[in-house]
Amino acid sequence: MLAGCSSTPAVSDSKEIKIGGNFELTGGVANFGKMTTNGIQLAFKEANASGGVLGKQIKLILADNKSEPSEATNAITKLITQDKVPLVMGPVASSNVLATLQVSQDNKIPVITATGTNSKITVDNGKVRPYAFRSCFIDPFQGTVMANFASKSLKAKTAVIYIDNSSDYSKGLAESFETQFVKNGGVIVGKEAFLQKDQDFKSTLTKIKVMNADTIFIPAYYEEVGKIAKQARELGITIPLIGTDGWDDPKVVEVAGAEAMNNTFFSNHYSSQDTDPRIVKFVEAYKKEYGQEPNALAALGYDAGLMVIDAIKRANSTEPDKIRDALEKTKDLQVVTGVITLDANHDPVKSGVVIEMKDGKQTFKEKINP
Ligand code: PHE
């Protein structure tokens, strides 16, 4: 039991505000962890350059969760007990976030994920988790967006759902996609599954091919998506492949090849090609700092950084409970990916985009409001 530590934040009289960062720095989705922390670091750097937060320098203390739920539990425990942080940001992947919430609750230390979209992160069996927050939209929205895209834009009448059985994210999205697709009059003609780190998808894809569906919905992460797309095209599956934010990494094209990724579409949190002035300004600043285009994770990391800074300022304190109370009241906060006002479930209501892959490049297809 770690209870009791929380009332003694070690930060109160130092010149720094230490914020915990529980991230996928190695392992299966390490690129996600890197991009998200880049975004957070940029937000903190800008705040520090313009006078800091409550007159102090804000600093991210990182712990590597190795892209594994059990390691995510270890990482949050270390950040709270050893580093004595008043708030933990991360992880990226929903299953890893879910694995930290009991420790957060027991120690009364708020957690905010910039990216974890599974609905159970903030609401557990109908009850709002008091210490869990996020700055992104949730999967019931994302699944609905892609079901509507399949029915309306692709005119799909039938779909196969192909999920990653090791991920809460994937399982949740399969449910919300199915509900909406069926509501639209569509039929799910097959459901298949794989596991993270699988290499050979061909036997399942051969089965899927004969189902003759109009599209395949693959809510998964970049490592597996690249391999699935490549192997599907090799088997002569030419129908549109559709997915969700977990596709947002250059590795997909590296693995699948640009050609295989043509006629594929996925939902995401923003597009770096959007001409909204906030986005243009962020993309410029990010490119200057890191020399590359910011994907959605970088933008979401930056936005979560802004949300933490805003909450600490309004709390006028670095005490965990005061930050928690302020986070809960986050309202009309202008960020890169939209405007954040948290609802009663600690979820923001934000718009999304659909991205089309064309010759290896992400192109902005549609913006969807909730
Ligand atoms: N939404 C994913 C999850 O919950 C994480 C993610 C966010 C991946 C944004 C890519 C882009 O696991």
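## The ligand site

The ligand takes up the space of the largest cavity. This is a predicted model, and the site is described here as the model places it.

Which residues are closest to the ligand? Ser-94, Thr-115, Thr-117, Tyr-221 and Asp-245 are the closest. They belong to a set of 13 residues that surround the ligand. Sorted by class, that shell holds 6 nonpolar and 6 polar residues.

## Polar contacts and burial

Start with Ser-94: an N or O atom of the Ser-94 side chain lies 2.5 Å from an oxygen atom of the ligand. Tyr-221 also uses its side chain, where an N or O atom is 2.5 Å from a ligand oxygen. Thr-115 contributes through its backbone: a polar backbone atom of Thr-115 sits 3.0 Å from a nitrogen atom of the ligand. The protein buries 100% of the ligand surface. Taken alone, the ligand would expose 320 Å².

## Overall fold

The protein contains 12 helices and 16 strands. Along the principal axes, its C-alpha atoms fill a box of roughly 65 × 45 × 35 Å.

How does the radius of gyration of the protein fit a compact globule, and what is its value? The protein has 370 residues, so a compact globule would have a radius of gyration near 21 Å. The protein has 20 Å, which agrees.

## Backbone details

Two loop positions are worth checking. At the first, a cis peptide bond links Gly-90 to Pro-91, with omega at about -10°. Pro-91 lies in the loop that runs between strand E3 (88-89) and helix H3 (94-98).

Where is Lys-197 placed? Lys-197 is in the loop between strand E9 (187-194) and helix H7 (202-209).

Definitions and conventions: Residues are numbered from 1 along each chain as its sequence is written. This is a predicted model: local features need pLDDT of at least 70, side-chain atom pairs count only at pLDDT 80 or more; totals for chains, interfaces and linings use all residues. Side-chain values use heavy atoms; hydrogens and water are left out. A residue is near a molecule or strand if one of its heavy atoms lies within 4 Å of it. A polar contact is a pair of N or O atoms within 3.5 Å; within protein, one must be able to donate a hydrogen and the other to accept it, and residues adjacent in sequence count only if both atoms are side-chain atoms. Accessible areas come from the Shrake-Rupley method with a 1.4 Å probe; for residues, only the protein chains shown count as cover. On a 1 Å grid over the protein atoms alone, a cavity is a set of points where a 1.4 Å probe fits but cannot get out, and a pocket is an open set with protein on both sides within 12 Å along at least five of seven lines; lining residues have an atom within 4 Å of a point. A molecule sits in a cavity or pocket if more than half of its atoms lie within 2 Å of its grid points. Ala, Val, Leu, Ile, Met, Phe, Trp, Tyr, Cys and Pro count as nonpolar, Asp, Glu, Lys and Arg as charged, and the others, Gly among them, as polar. Helices (H or I, at least four residues) and strands (E, at least two) are DSSP runs, numbered from the N terminus. The radius of gyration is taken over C-alpha atoms; the globule rule is 2.2 Å times the number of residues to the power 0.38.
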